[in-house]
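Student: Please guide me through the model shown below, one question at a time.

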Amino acid sequence: IDLQGITKSDTELISKYRQLALHPEVDWALQQIVNEAIITEEGEDILEIDLDELGDEGLPEAVCKAIKEEFSEVGRLLDFENHAHDIFTRFYVDSRINYHVIIDEKNPQDGIKELRYIDPRKIRKVREIKAQATQNPQMTAGIEAQGEVKQEYYIFNPQGFVSNQHMIGYNYQPPTAGIKIHPDSVVQVTSGLTDPTGTASVSYLHKAIKA
């Protein structure tokens, strides 16, 4: 039994959080948190943007109006009024949420046409690093190469990513197998919480693993 919450990949971590959310006690606490965060009142918007504190002089009225209009449009695309609880719960449990931004490639000036949710277990960000040359190769032995980011993109795999090497031969696919997506086409928001090493994003439910 893994009481320490040790996992080998983000995919395993998210699956563990989702299993944890099925426990009655955790589910009850989760519902209390979501109900406190998402408040529905007749005639009032669930979510609104506040631009009053953007600098001492504030933004021009025309800019504020444009931002608020686009904010409302994103809320409409997400159908936030009807799906606020589901969206927030999904974000709170998984520690991250991803949306694929769909536009009309022939008329990009028309703006966003659709926001499609992407399961975080099926997408990952890839950074190709151009290693810097060193005068002493022995100094870099066993150390991760540091250098200029050559290319950055997302990889989407409908079958998800499996980290266990014993899965080779059983539909196992390498971490970079999938569809390459431009980084500007994906919106990703994380919980802001990280593990002790600061390398992995963890959920607000992470402490509940050691019950």
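Student: In which part of the chain is Glu53 placed?

Tutor: This is a predicted model, in which local features need pLDDT of at least 70, side-chain atom pairs count only at pLDDT 80 or more, and totals for chains, interfaces and linings use all residues. Residues are numbered from 1 along each chain as its sequence is written, and side-chain values use heavy atoms, with hydrogens and water left out. Helices (DSSP runs of H or I, at least four residues) and strands (runs of E, at least two) are numbered from the N terminus. On that numbering, the place of Glu53 is the loop between helix H2 (24-37) and helix H3 (61-78).

Student: Is Glu53 buried or exposed?

Tutor: Buried means under 20% relative accessible area, exposed over 50%, and partly exposed in between (1.4 Å probe, protein chains only). Because its relative accessibility is 74%, Glu53 counts as exposed.

Student: What pattern does the protein chain follow along the sequence?

Tutor: The chain holds four helices and six strands. Of its 211 residues, 26% are buried. Read along the sequence, the pattern is α-α-α-α-β-β-β-β-β-β.

Student: How many residues of strand S1 are buried?

Tutor: Strand S1 spans residues 96-103, eight residues in total. The strand is largely enclosed by the rest of the structure, because the number of its residues that are buried is six.

Student: Which residue in S6 is the bridge partner of Ile97?

Tutor: Two strands pair if DSSP finds at least two bridges between them. S1 and strand S6 (residues 186-190) pair in the antiparallel sense over five bridges. In S6, the partner of Ile97 is Val189.

Student: What is the phi of Asp79?

Tutor: Asp79 lies in the loop between H3 and helix H4 (80-94), and it counts as partly exposed at 29% relative accessibility. Most residues other than glycine have a negative phi, and most peptide bonds are trans. Asp79 has a positive phi, near 50 degrees.

Student: Ser95 also has a positive phi. Is Ser95 buried or exposed?

Tutor: Ser95 is found in the loop between H4 and S1, with a phi near 80 degrees. Its relative accessibility is 1%, so Ser95 counts as buried.

Student: How many residues apart are Arg96 and Asp10?

Tutor: A salt bridge is a side-chain nitrogen of Lys or Arg within 4 Å of a carboxyl oxygen of Asp or Glu. The side chains of Arg96 and Asp10 meet in such a bridge (3.4 Å, N to O). The pair links distant parts of the chain, since Arg96 belongs to strand S1 and Asp10 to helix H1 (residues 10-20), and their separation in residues is 86.

Student: Which member of that pair is buried?

Tutor: Asp10 has 35% relative accessibility, so it counts as partly exposed. With a relative accessible area of 10%, the buried residue is Arg96.
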